[in-house]
Amino acid sequence: MHSQFWTSLTLEDKEETPIQVKINSQEVDHNYSWDLFSDNIGPTGPEDFGSVGELIPSFEDYYNEIRIRYIMGLQLMIEFQCEALVREFKVSPLICGLAGTIWLRFVAATRVFDDGWVDEAINESENQNQGELPNDEPRSKYNSEPQNMYGQRAVTIWIRSLKRKIPLSCTLAISFLVCHLAREAVLTTDIVKWSLEGKLPYFAAFVEIEKLIGPPTKACPISSSSMFRPLESVTAQKMEPLSASIAKSIGLCLPPVNFYAIASRYLQKLSLPSDKILPHACRIYEWSMPPNLWLSASELRLPTRVCVMSILIVAIRILYNINGFGIWERSLSKHNVSSTSNGVEEDSDSPSLKDFKDKDSGFPRFVDDPYKIPVINTLHLQESEMDAAELLSNLEALYHGIHENYEYSKDLPTYLQHCKDVVFAGLEPSFENHEEQKLIEELWGFYQNKTDSKTTEVDCDNYSRADKQKRLRKDEERSRTFPHREKKFKENEGVSNSSDSETRSENHDRSKSTTQNDQNPKDETTSTTSTLKEESIKEMKQNMEENRFYYMPPRKQLKKFGYLHYVRKRDEGSLTYSVHADYYILLRACAKVVQIETRYMHFGVLSFEKRLVWTEHKINHCLHMTPPNLSCEFCTNSISGDGLEESLGLSNLNI
């Protein structure tokens, strides 16, 4: 890859460029072929011995050196990233070949090696500074360098032009693009996270780049840190459009994302049964094929991972019947159920199951009237509700347990090492100070020894403290949930400092004051559980309001038992999102896994549901479409069968 690149980009006549990049022969990998460099056999000219006069680079030397050095540095950065993806994250080695082809075609598409690029960058900088007075006295340090008419260094102008046409973030975009072409389940969120953690060379790659291409030269007096160190991280929202724009610039047709691999990964992260959900989700995907699964160059469109999760949410809602029936609310108060004649537990607030009986089938049987309640097997509904209650319980616990932690934040030594290798990479003292380095090593060793000695003590203290807190929480929860049992437990246990007579008198007085509560422990438990239910619903409402959602109570009067479609309503100029708690629990957990706001995840689900409804309507319209009446003189409905035969002359045929 190196040799092909340098062969196509090197100058036609090397003798005209006295300033060339020099690489130490001991640091160059022998697997690479550098056509631009010397054969590394020793000094080849008097300038290598520090002769009397220094060679002054020409105008052409400056822009040629800057351009080649910048392009080659980005190419090395892409190679480092592909090697890390293959070595650390087990990505297919196919991406290395794809990256080389895409990179060369992208560089050619930017036209930075055209003859007009040099003057174009200079003219553009002068047009931006129109109206300002030229600087007639430039800094003496840069007198020998080319400058524009306003006294600005041409070196910095060309660097800014290169970074604008080929930004540093395009290296991450190409790495993601080749993973997408190789059908790997690598997401933009993964690329961003790995680059921040330093596992994917991006922020500190300039250190290795300088080792390969050498330090700055006379014709390129810009440090490798200024040239190849990014100032900020690229977001996952901008990486997909950047990758799509690169593919569009080189005329590359992209496939959709690998739905099966990404959906399997999301289901595993959500701790959901893949064997039950994934086949149905794949059928929905193959039947609908939404265009949002293709990369788009528009930054306003939702990412592809949102569309993948939207398909999973629709499949989960269909399989577990999450359509606003108050499954989560009923799970908060299991005691408030009454046994029906068929042995099915029914909540007083839930719709009656007597209207949904069907002896023939265990699945909903929809009728022609969309507002007529379909019949359904009560046993199937009960099993589906039990599975849905367990699903919502797991998702609610998962939502509070998911935290996107970076590896460098697990402890202080790891964070300090990350700062040394990534954040402050390449920074060294301005002069050699062995005493300072020795002092740093001694302090670091002292810190490590103190940390190791206190580890066991801290662990023991934390364990005992956590154990006490856990027991206190259990006692408080038990006393709040079952107050009558707690009272009986305290009565049986007694007080150690009181006499037996005082204990008997206290128990006698307590029995008089709490006679009604002791006679009806079920009523007390019911009131406590209802209070807990109200508190849980209040917390859910607060969480929904934080994400600009509104709580809808469970459905009671059913007009349609099938799939429930939510809509957005405009209230006083703003959009409101009113949903049930069952759907919201599923939605927010999936949004947290996808790493996107809950409102955007809801918008993705609504868009996909709208496409499904449109597809069903078109299919139904095509199935019931009748052929139009033909007005041809030979195929008209006004002519009878005998008249049609006579007009065509079929009676004269000898058949």
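Q: How many helices and strands does the protein have?
A: There are 24 helices and 5 strands. Of the 655 residues, 38% count as buried.

Q: What's the mean pLDDT?
A: The mean is 75, and 65% of the residues reach 70 or more.

Q: Where does the pLDDT fall below 50?
A: Residues 456-460 are one such stretch, and beyond near neighbours in sequence that stretch has 0 contacts in the model. Residues 510-517 are also below 50, with 3 contacts beyond near neighbours. Where pLDDT is low, the predicted coordinates should not be read in detail.

Q: OK, on to the inside. How many residues are in the largest nonpolar core?
A: It has 71 residues, and those with the most contacts inside it are Y70, W103, W158, I166, I191 and F228.

Q: Which helix gives the most to this core?
A: That's helix α2 (residues 59-89), with 14 residues. A second, separate core has 63 residues, including V257, F259, C282 and V594.

Q: Back to α2, then. How many of its residues are buried?
A: 24 of its 31 residues are buried, so α2 is largely enclosed by the rest of the structure.

Q: What span should α2 have at 1.5 Å a residue?
A: It should span 45 Å, and the end C-alpha atoms of α2 are 45 Å apart, which agrees. Just after α2, K90 takes a positive phi of about 55°.

Q: What does F228 touch?
A: Leaving out residues up to four places away in sequence, F228 touches R69, Y70, G73, L74, M77, L168, Y202, F206, I209 and I213.

Q: How many aromatic pairs does the structure hold?
A: It holds 13. Y70 and F228 make a stacked one, at 6.1 Å centre to centre with 15° between the planes. Y70 lies in helix α2 and F228 in helix α9 (residues 224-228), so the pair ties together parts that are 158 residues apart in sequence.

Q: Are Y70 and F228 buried or exposed?
A: Y70 is buried, and so is F228. Another stacked pair is F259 with Y285, at 4.6 Å centre to centre and 15° between the planes.

Q: Which parts does the pair of F259 and Y285 tie together?
A: F259 lies in helix α11 (residues 259-269) and Y285 in helix α12 (residues 274-288), so their pair links parts that are 26 residues apart in sequence. F259 is buried, and so is Y285.

Q: Which residues form an aromatic cluster?
A: F59, Y63 and W158 form one.

Q: What about charges over rings, say R317? Which ring face does R317 lie over?
A: R317 lies over the face of Y563, at 4.2 Å from the ring centre. The charged end of R599 sits over the ring of Y600, 5.4 Å from its centre.

Q: Changing topic to α6. How many of its residues are buried?
A: α6 is mostly covered, with 11 of its 12 residues buried. Among them are C170, F176 and H180.

Q: What do the buried residues of α6 pack against?
A: They pack against α2, α3 (94-110), α7 (188-197) and α10 (236-249).

Q: How far does α6 reach?
A: Helix α6 (residues 170-181) reaches 16 Å from its first C-alpha to its last, close to the 16 Å expected at 1.5 Å a residue. Just after α6, R183 takes a positive phi of about 60°.

Q: Last one, α10. Which of its residues are buried?
A: The buried residues of α10 are A236, M239, E240, P241, S243, A244, I246 and A247. What covers them includes α3, α6, α7 and α13 (304-320).

Q: And how far apart are the end C-alpha atoms of α10?
A: They are 20 Å apart, which agrees with the 20 Å that the 14 residues of α10 should span at 1.5 Å a residue. Just after α10, G251 takes a positive phi of about 70°.

Definitions and conventions: Residues are numbered from 1 along each chain as its sequence is written. This is a predicted model: local features need pLDDT of at least 70, side-chain atom pairs count only at pLDDT 80 or more; totals for chains, interfaces and linings use all residues. Side-chain values use heavy atoms; hydrogens and water are left out. A nonpolar core is a set of buried Ala, Val, Leu, Ile, Met, Phe, Trp, Tyr and Cys residues joined through side-chain atoms within 4.5 Å. Buried means under 20% relative accessible area, exposed over 50%, partly exposed in between (1.4 Å probe, protein chains only). Helices (H or I, at least four residues) and strands (E, at least two) are DSSP runs, numbered from the N terminus. Contact means heavy atoms within 4.5 Å. The expected span of a helix is 1.5 Å times one less than its number of residues. Rings of Phe, Tyr and Trp (its six-membered ring) pair if their centres lie within 6.5 Å; planes under 30 degrees apart count as stacked, over 60 as edge-to-face and the rest as tilted. A charge sits over a ring if NZ of Lys or CZ of Arg is within 6 Å of the ring centre and within 35 degrees of the ring normal. pLDDT is the predictor's confidence in each residue, from 0 to 100.
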